[in-house]
Amino acid sequence: SGTVTNAAGQKLSGICVVAIPAAPRGPFFIQAVASRNGVFHVRSLAAGGYQVFFFPCQPNSPYAPVWWKNSATQQHARVIQVRVGRQVSGIDQVLQLGGKITGVVTAGSPSGPTLAGICVLAEPTFAGGLPGQAATAANGTYVVRGLASGRYQVQFSPGCGNNGNYLPETYPGTVAVTAGQTHAGINGVLPLGARISGVVTDTRGHPIGGICVSVSGGPGGV
């Protein structure tokens, strides 16, 4: 058990806390608990060593995930020894503000119309990192928050309110993120997709509604 606060000393609710066995020892269940008024209790643990991971339960929180105590990676996280029937208290952790990736998404070209409702995913390229996600606003801008330091691959795709005829796109290269800093200008340009259309009829030529149409492609075409 312990408390979760930010750098200003404010107690944080809604932070997920997970105790993970420090070494493989057969099947086990990991159960996350959420802090309430800054306090958390992880119960029903078998005896052994554990590493504790803190991360916001809700996506796009401003706080970066962290391992106890103050470690960005599991490799350097401290191990807590748990004994049956005993409570280990004082596992307190301060969550720092994470890094941000910002930009704008347009259609067809960098000067094309801005796109709202586009999904943005920042996928970490380092082990143990958590992805960040956001959706573009009405003016096409987005902010992915709460990222730990490291490199990320940024992907753009329809589906967060915008199901227009656009193809997904990946930002070229990776983006180096530093916790507490903003990395602006990571813009996405979604190419326009092609369309296939037609009419489905019965053997008498009458149009039929409610028929699913799927398209699959490969190296040789459809």
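A disulfide is a pair of cysteine sulfur atoms within 2.5 Å. The legends below describe close-up views of a predicted model.

**View 1. The disulfide of Cys 16 and Cys 57.**
Cys 16 and Cys 57 are joined with an S to S distance of 2.1 Å, which is within the 2.5 Å cut-off for a disulfide. The link of Cys 16 and Cys 57 is right-handed, with 130 degrees about the S-S bond. The pair connects distant parts of the chain, 41 residues apart: Cys 16 belongs to strand E2 (residues 15-21), whereas Cys 57 sits in the loop between strand E5 (48-56) and strand E6 (66-67). Cys 16 has 13% relative accessibility and therefore counts as buried, while Cys 57, at 29%, counts as partly exposed.

**View 2. The disulfide of Cys 119 and Cys 160.**
The structure holds 2 disulfides, and one of them joins Cys 119 to Cys 160 with an S to S distance of 1.9 Å. Because the torsion about the S-S bond is about 110 degrees, the disulfide of Cys 119 and Cys 160 is right-handed. Cys 119 is part of strand E10 (residues 118-124) and Cys 160 lies in the loop between strand E13 (150-158) and strand E14 (169-170), so the bond ties together parts that are 41 residues apart in sequence. Cys 119 is buried at 17% relative accessibility; Cys 160 is partly exposed at 34%. When bonded cysteines are counted along the chain, the disulfides follow the pattern 1-2, 3-4.

**View 3. Strand E10 and its pairing partners.**
Strand E10 is mostly covered, with 5 of its 7 residues buried. E10 pairs with E13 in the antiparallel sense over 7 bridges, and Ala 122 stands opposite Val 154 in E13. The pairing of E10 with strand E11 (residues 132-135) is also antiparallel and runs over 4 bridges. Val 120 stands opposite Ala 134 in E11.

The whole structure contains 5 aromatic pairs. The ring centres of Phe 40 and Phe 54 are 5.6 Å apart and the ring planes lie at 80 degrees, so this pair is edge-to-face. Phe 40 is in strand E4 (residues 39-40) and Phe 54 in strand E5, so the contact ties together parts that are 14 residues apart in sequence. With relative accessibility of 3%, Phe 40 counts as buried; Phe 54, at 0%, counts as buried too. Tyr 142 and Phe 156 form an edge-to-face aromatic pair, with 5.9 Å from centre to centre and 70 degrees between the planes. Tyr 142, in strand E12 (residues 141-147), and Phe 156, in strand E13, are 14 residues apart and link distant parts of the chain. Both Tyr 142 and Phe 156 are buried. Phe 53, Phe 55 and Trp 67 form one aromatic cluster.

Ile 196, Val 200, Ile 208, Ile 211, Val 213 and Val 215 make a nonpolar surface patch of about 560 Å². One of these residues, Ile 211, is found in the segment after strand E17 (188-190). The relative accessible area of Ile 211 is 45%, so Ile 211 is partly exposed. Cys 212 has 77% relative accessibility and therefore counts as exposed.

Definitions and conventions: Residues numbered from 1 in each chain as written. Predicted model: local features only at pLDDT ≥ 70, side-chain atom pairs only at ≥ 80, totals over all residues. Heavy atoms only, no water. Helix = DSSP H or I, 4+ residues; strand = E, 2+ residues; numbered from the N terminus. Buried < 20%, exposed > 50% of the residue type's maximum accessible area, 1.4 Å probe, protein only. Patch = residues over 30% accessible without salt bridge, like charges linked within 9 Å, V, L, I, M, F, W, Y side chains within 5 Å. Areas by Shrake-Rupley, 256 points an atom, 1.4 Å probe, with all protein chains shown as cover. Salt bridge = Lys/Arg side-chain N within 4 Å of Asp/Glu carboxyl O. Pairing = 2+ DSSP bridges. Phe/Tyr/Trp six-rings, centres within 6.5 Å; stacked < 30°, edge-to-face > 60°.
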